[in-house]
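Work through the exercises below with the sequence and the model open beside you, and try each task before reading its solution.

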Amino acid sequence: MNAVAHQSAPQSLNADLTPPLSALQAMVESARCLYCFEPACVSACPTGIDIPGFIRRIADGNVAGAGRTILSENILGGTCARVCPTEILCQQACVRNTGEERPVAIGRLQRFATDALMGKGGHPFIRAAESGKAVAIVGAGPAGLACAHRLSLLGHRVDIFEARPKPGGLSEYGLAAYKMADDFAQRETSFILALGGIAVHYGRTLGETLDLDALSADYNAVFLAVGLGNPRPLGIAGDDLAGVEDALAFIEKIRQGVAAPILGRVIVIGGGNTAVDAAIQALCLGAGEVVMAYRRGAAQMGATAWEQQLALTRGVIIKPWLAPKRIVGEDGRVEAVQFERTILADGVFLSTGEVIEVPADLVLTAIGQGLRADDLAGLAIDGGRIVVDNRYQTGRPGVFAGGDCIKSGLDLTVQAVEDGKRAAQAIDRFIRN
Amino acid sequence: MADLRSSIAGITAPNPFWLASAPPTDKAYNVRRAFQAGWGGVVWKTLGEDPAVVNVSSRYGALLDANRQLLGFNNIELITDRPLDLNLQEITEVKRDWPDRALVVSLMARMEEAAWVGLVKRIEETGADGVELNLGCPHGMCERGMGSAIGQVPELVEQVTRWVKGATRMPVIVKLTPNITNILWSAEAAKRGGANAVSLINTINSIATVDLDLMAPTPTVDGKGTHGGYCGPAVKPIALNMVAEIGRNHVTADVPLSGIGGIGNWRDAAEFLALGAVNVQVCTAAMVHGFRIVGPMIDGLSQWMDDKGYRRLDDFIGAALGNVVDWNSLNMNFSAKAVIDQDLCIDCGRCHIACEDTSHQAIRVVAEGGKRRFEVIDQECVGCNLCFHVCPVPRCITMRSEDNGLPAMTWTQDPRNPLRAASA
Ligand SMILES: Cc1cc2nc3c(=O)[nH]c(=O)nc-3n(C[C@H](O)[C@H](O)[C@H](O)COP(=O)(O)OP(=O)(O)OC[C@H]3O[C@@H](n4cnc5c(N)ncnc54)[C@H](O)[C@@H]3O)c2cc1C
Ligand SMILES: Cc1cc2nc3c(=O)[nH]c(=O)nc-3n(C[C@H](O)[C@H](O)[C@H](O)COP(=O)(O)O)c2cc1C
Ligand code: SF4
Ligand code: SF4
Ligand code: SF4
């Protein structure tokens, strides 16, 4: 059930990268699950979904129950089913790898169940009695939404303040279009909010139209889920030429349906999943040739082996061992990127001094995002992330934080959801004391 | 190559695989295709007196596993719904065209001698090799005083058998119903009546599933259902036991026996033969897969016999029967322990949770460098085999017999038996 195998035609932006399972496929695949006792797949899921439990329910014909089992631990189980790198999470730990070399397709079964449950309409959970307490959340991305849902479930009222005009965070503006087909981020958000008790206020930016002191004063607690908003600059000569663009801004245009077709050659600089997503989506938009250039080797890339394979099968040319040195252009427009070849010698990355010039009409930089620290005056920052204790509390009592803006694990949707859920539990204890 | 030729009550066939009396043997078209596919013999779908019965629409129910593989099969069909003359004419033609295959005709009638004798005389004219008395159908026909209504009363079994034996030179096979408390009573009655052989089992009374929308049993006929006859893989263990019971009962031990019930592959067939059946009959497997399924059956049996050095069926027919004993004859001093092959273990934990929750807390989980290791605690293991059955990996768990140096000792000899003095 490897998604790479599904596609023979070129990837299109709006078609599912991995199509939903049919009822027959779900039957066969769910029957492969051994209903293991306290299995490794569950420990490998950051949100600890009861995987054998939900798959058993699918096999039993109780698909709605399977969906509830998933969502009770991970309210964004629908997005996670689409975007989780299962090859390094649950599926990597499935015991069916040993001996059979083919894990149970947990992610696809998770989508089967959550799609079915959401397709029934309504909301499967009921809020506890009103606690009379209110919490402010900054940011309506996965961490903010997961925290809001859990807090509301526990009986608290929640106001979410979101800078942008739409909810979802990177689910709406960052994840690849073909992973979130059919406006899934918006559908899922509506589903989450249908629980009730949560109000979202758009166009409200912490540091601009909101401040932390006021929020702290007005609410019983505050949860910061602002993600990483700042693109990291390349910092080399020529990075201000026209035709040099931040990959995330490029993806955002695609996701919002306002990207222009691409003619010519594209270079994506970076080795993470964002670089892979940008490269494949550039091909979808018509680019003639897309080169993904990374300063180290394939083994050091942030993109998983599966993502690299996906890029290759879609036609991306991956060039490792190239460190960008200078972007050259004429009349203010990019024409090529100059790289220096690198090597790994005795555990150290070195430049060989050899310079290679690769022509380009568009250069996309995907070398990571940083925290927009100026919004967060007064909070301790370390390594570019907000510092929290083991209860997700910042140095300021009653102010909590989670998701990409703290250092909790991998920068993944599923980790942001777990942070939001656990922070909600900590906030609940805090405000009930 | 092993010699698979088989014979029962003087009826010979090139192999021991027959099709049981059922839809696969309902008419010439099917039976010819079956013979072409390689079946050694057939028992023609049960004939009755004219006018022919009429069947309802919706006839089958099934028990399926999680992959929709059929485990059990249930039907509410009656006997042949075609005119007697047509059946007899087709039987005559097929037997003429396939002289080397066994063609036995099943029949059923009211509890009246003239009815049975009349039918048997007509069947004899076809040149068929023998008859099988259907005293087992547990649905529909029994409401009319036939099938299991006769088969459940040993005196009636004996009476019908005697009537038919007195009226024909053909070998008579009596097909027994499992819907009884003791199979030996009807088997012994068949022998007293003069049966040349018995065949078993017919189907078991059952409700396959309940349709929870219609709130009715399946198969559902216009909102209502009736109990049907159960067969398929799920009934094999029941059939094997009844076959063994007849084989090890001194009164019936010499009655040739045709084994039926849940046979889907060569191994199932070999198991019936090992318990004393001289051939086997198949219905469900053919209905699920078509007649071609006999190919793998024949090939598998032949391969296994070659591997074992059995040259003909008689070399192993009944070979397991002597090892079927009463519980009281088992060795109380025998001890087996589960052994886990750590190289094959895939870390699913099923053995542990099964033993921990429902057996003897004899498999411990040891954390070992991020992985789990499952270890049998020999002192706690009672050798129940539960883990061995729930482990998903073939040969990962085996049962090792312990050499404890103790002599064989049955329960009747066991000092722990409070009734030992009385039974000694
Ligand atoms: C291109 C790309 C592809 C990715 N692909 C995957 C993938 O395939 N699988 C996967 O698991 N993860 C993927 N990720 C990572 C995943 O998207 C993030 O880990 C996840 O979205 C983090 O959630 P969050 O809620 O912490 O932050 P975000 O999703 O960034 O949400 C933060 C929200 O806060 C709002 N906000 C920020 N500052 C303020 C402020 N001052 N005031 C008010 N609101 C504010 C933002 O507008 C946003 O809505 C990808 C990331 C990127 C960039
Ligand atoms: C190992 C085992 C031992 C059993 N022992 C008994 C018993 O001592 N008394 C009894 O009434 N039923 C006994 N049963 C039968 C069960 O109670 C139950 O009726 C049967 O297993 C059918 O139910 P199930 O297949 O749905 O589990 C036993 C079943 C098993 C599997
Ligand atoms: S490890 Fe694999 S087989 Fe076992 S419970 Fe998890 S998904 Fe099922
Ligand atoms: S044989 Fe029975 S008692 Fe022994 S370890 Fe296995 S399950 Fe436990
Ligand atoms: S059931 Fe078999 S594979 Fe699973 S843990 Fe036990 S020994 Fe290992």
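**Exercise 1: the surface and dimensions of chain A**

Chain A has an accessible surface of about 17900 Å², and 50% of this belongs to carbon and sulfur atoms (Shrake-Rupley method with a 1.4 Å probe). This is a predicted model, in which local features need pLDDT of at least 70 and side-chain atom pairs count only at pLDDT 80 or more, while totals for chains, interfaces and linings use all residues. Residues are numbered from 1 along each chain as its sequence is written, chains are lettered from A and ligands numbered from 1 in the order in which they are written, and side-chain values use heavy atoms, without hydrogens and water.

Task: compare the radius of gyration of chain A with that of a compact globule of 433 residues.

Solution. Step one is the rule, 2.2 Å times the number of residues to the power 0.38, with the radius taken over C-alpha atoms. Step two applies the rule: for 433 residues it gives a value near 22 Å, and chain A, at 22 Å, therefore agrees with it.

**Exercise 2: the surroundings of ligand 4**

Task: find which residues are closest to ligand 4, and sort its shell by class.

Solution. Taking residues with a heavy atom within 4 Å, one finds 14 around ligand 4, the closest being B:Cys355, B:Cys381, B:Cys384, B:Asn385 and B:Cys387. Sorting then gives ten nonpolar, four polar and no charged residues, where Ala, Val, Leu, Ile, Met, Phe, Trp, Tyr, Cys and Pro count as nonpolar, Asp, Glu, Lys and Arg as charged, and the others as polar.
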